[in-house]
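User: I am new to this structure and would like to learn how to read its features. Could you take me through them step by step?
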Amino acid sequence: MSVWRNQMRTVVLAAGAAAFISMAVSPASAADRKYPALGAAATPEQIQAWDIDVRPDGLGAPAGSGTAPKGEAVYIEKCAMCHGDFGEARGRYPVLVGGHGTLKDQRPEKTIGSYWPYASTIFDYIKRAMPFGDAQSLTNDEVYAITAFLLNMNDVIDSDFVLDASNIGKIEMPNAANFIDDPRPDAQAVKVADLCMKDCKPEIKVLGRAVIIDVTPDKGGAAAKAAAKEAAAEPAAAETKAEAAPAAQVAAAPAGDADAGKKVFNKCKACHVLDSAKNKIGPSLQGVFGRTVGTADGFKYSKAFMAAKDKGMKWTDENVAALVASPKDFVKEHIGDDKGRTRMSFAGLRKQKEIDDLLAYMKQAGGQ
Amino acid sequence: MKKAKSPVTPGNIQTKQSIGSSEPVVNSSRRRALLAGLGAAGGAAAAGLIAPARAMADPANLPPNVADWSRVLGPGVDAYPYGMPSKFEKTVVRRNVEWLTATPESSINFTPLYALDGIVTPNGLCFERHHGGAAEVIPEDYRLMINGLVDRPLIFTLDDLKRFPPVSRFHFLECAANGGMEWRGAQLNGVQFTHGMIHCVQYTGVSLRTLLEEAGVKPKAKWLLVEGGDSAGMNRTLPLDKALDDCMIAYSMNGERLRTEQGYPARLVVPGFEGNMWVKWIRRIEVGDGAYMAREETSKYTDLMPDGRSRRFTWEMDCKSVITSPCPELPCRKKGPQVIKGLAWSGRGKIARVDVTVDGGRNWHQARLEDPIMSKCLTRFYLDGWEWNGDTAYLQSRAIDETGYVQPEMAALQAVRGVNSVYHNNAIQTWRINPTGEVENVRLA
């Protein structure tokens, strides 16, 4: 957000939006343009909707506020499945908390508290990019609250601190003073004119070899896998068809539109895959229809889903539909966990058509 | 054009580390089995090497016989409305290193440099780096907004952008983290993985200066926020003087429209600066009087030094080079003449000279640079006439740019920066050719 916008907001408040718009497209300013026919004046409404950035001095911070306790509730629901309940992170997702005093260590831990120089960056980033796969879905109050929670977890502010536009630009981050401007070019031991060309070294000493470390992806990689899959696909597909025929009579053909469902699945794919057995933050959904709940190979399930597994609960169409409609309610009502505890932080699909479309797509793309 | 001395041969260098035959070059019995199965004479399976489709030629296709393709009709025109590489080149693809990142939507893959000639990267092989997956922007619904400290906030359609006077230029794009896994030692065995976060294409678009002049930048302005339309809303701060110098909003690469994964329908081009700033699917440029300090220029893309302080705004890509053949993916199959070729580049201008050694830096030979040599663009170099006699050899290249900057050894970089700075590793790379002909990534003292 710009100085311009703040100034103009005052103008708008004083003179009214209509006066402002006419000013923005005044003929005098258009005459200064070399190509006035190209592009149009951006309206205040357009700018306000897209201009979401927040600068270190707090410029651009929107109305709203939040505290750490409020933020914790949102964080547990929408962030913890990747970043961990305490910001310790799962898998290779970013660690958000801790790491103080580690920057000179062999393995420094760069977190919000130990590394980030500005509090505004937390708000700016969450607002535009989080939750991963459901960006720009949080309200400004929620973003303030999560930011306050993360600052509190890193001992930067107290838990009763009310974070808002008036103070986000004044928070001092622990590592702020430790950033310096780029001094490169550096590491220039020898000038071009002095470069040795003959008999420069008495001996060659090998310090290390990549083949000993042995972390290079296997040969062929994705291409080889794809080729192998291609080769295996045809007979496998034929078999599946033959076997699937009787099952199709039991479960009615999905009423949904698989193409539309592909778009709905975009909300799921940050955490789930359909086309392989790979678990991400959530379990693989390959072949999920008909599978016993809690049995994706190698996935660590929460208590509620393990209880459902023990009961022999299956992923029928109805159960999948109920889960995607509201994971919390599903865990409460279908599994019987009174608090609806699940790590699946997805609010749920409200429209029946979305659910039908999603199921149709999931079946087509590997779920069945 | 520089002339190379030729021929050059490596001395029979004894190393402190044993390179006796008992030392397994490839520590995998599966690979040895593959070798046996292929019946190949030389070492054909360095780690990461993609095995050819077939080990030996079929005599039925060789003279005095006449191959089928010389007798029968091939596919007609339009059999492939958009042409693809030969099916025999299927293994030449971008590849990733799965353990590097949490999820492929926020990840990176690598350009197969070993398989490429010249200086232009084919569009489909340009490495990808996404922060929220590749956005599929509908071209009719694409908009670019310029707001902030300007006389006239403007919004452009894609058609508007294409109606401005176009400019076309060749530039490399290198991720600041290219080589970032190699700070502590040789780790990945393949030039695709050690140096593949780079590509070089011809961009066509409109000069960013032209667009900023249309909006009218106010005198107080010093910085731009550039922001993508992807689900990460990728944002970076760009200094205004760079924006007015040589940046552009590109809508084409190598003559065709941008690929989805490269920012279709429009991306920012910031010649010589780290790839993270080349915002794809660009939706907004805000002009301001202060830096924005986005996540990608504070938490990431800052370089941690041994004293615990971090360098920020490390935009320029230092001068660098690498030998792309031979390399772990392209072993020396036979003794005798070898093609030594490589790429050199600098974010500060043109490449002035490249030196190549085959004996680990004991003796250096000036490489032949191939035209065209352009600013902030890949330059192809060759060392002609090298005969490999079957002894262990250590290949390196050292680039020098027009500012007089000399590509450093890793020890010189580490002396200043330690091993935790992640970004901007432009150290000299060593490939060891073993007596078997296999080539591996090693770190020399």
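Analyst: We can start with the layout of chain B. The centres of domain 1 of chain B and domain 2 of chain B, taken over C-alpha atoms, are separated by 30 Å. This is a predicted model.

User: Which residues belong to domain 1 and domain 2 of chain B?

Analyst: Domain 1 of chain B covers 11-30 + 316-442, and domain 2 covers 124-301. Where they touch, 35 residues come from domain 1 of chain B and 32 residues from domain 2 of chain B.

User: What area is buried between domain 1 of chain B and domain 2 of chain B?

Analyst: Buried area is what two parts lose in accessible area on being put together, summed over both. Between these two domains of chain B it is about 2700 Å², with 60% given by carbon and sulfur atoms. On the side of domain 1 of chain B, M317(B), K376(B) and Y423(B) lose the most area to domain 2 of chain B, together 25% of what that side buries.

User: How many salt bridges are counted between domain 1 of chain B and domain 2 of chain B?

Analyst: The count is two salt bridges. A salt bridge also joins the side chains of K320(B) and E174(B), at 2.9 Å from N to O. On the side of domain 1 of chain B that touches domain 2, β16 (320-325), α6 (410-417) and β24 (439-444) of chain B each supply at least two residues. That side divides into 17 nonpolar, twelve polar and six charged residues.

User: Now the two chains. How many residues does the contact take from chain B and from chain A?

Analyst: Chain B gives 125 residues and chain A gives 92 residues. The area buried between the chains is about 9500 Å², of which carbon and sulfur atoms give 54%. In chain B, R152(B), R295(B) and R362(B) lose the most area to chain A, together 7% of what that side buries.

User: What does E409(B) form a salt bridge with?

Analyst: E409(B) pairs with K201(A), the closest N and O atoms being 4.0 Å apart. The pair crosses between chains, from the loop between β22 (393-401) and α6 of chain B to the loop between β4 (179-181) and β5 (206-209) of chain A. E409(B) is partly exposed, with a relative accessible area of 32%.

User: Which residues are joined into one network by salt bridges that share partners?

Analyst: The network joins D51(A), D53(A), D124(A), R128(A), E227(B), R283(B), R284(B) and E286(B).

Conventions:
Residues are numbered from 1 along each chain as its sequence is written. Chains are lettered from A and ligands numbered from 1 in the order in which they are written. This is a predicted model: local features need pLDDT of at least 70, side-chain atom pairs count only at pLDDT 80 or more; totals for chains, interfaces and linings use all residues. Side-chain values use heavy atoms; hydrogens and water are left out. Domain bounds come from an automatic or database domain assignment. Contact means heavy atoms within 4.5 Å. Buried area is the accessible area (1.4 Å probe) that two parts lose on being put together, summed over both. Helices (H or I, at least four residues) and strands (E, at least two) are DSSP runs, numbered from the N terminus. Ala, Val, Leu, Ile, Met, Phe, Trp, Tyr, Cys and Pro count as nonpolar, Asp, Glu, Lys and Arg as charged, and the others, Gly among them, as polar. Buried means under 20% relative accessible area, exposed over 50%, partly exposed in between (1.4 Å probe, protein chains only).
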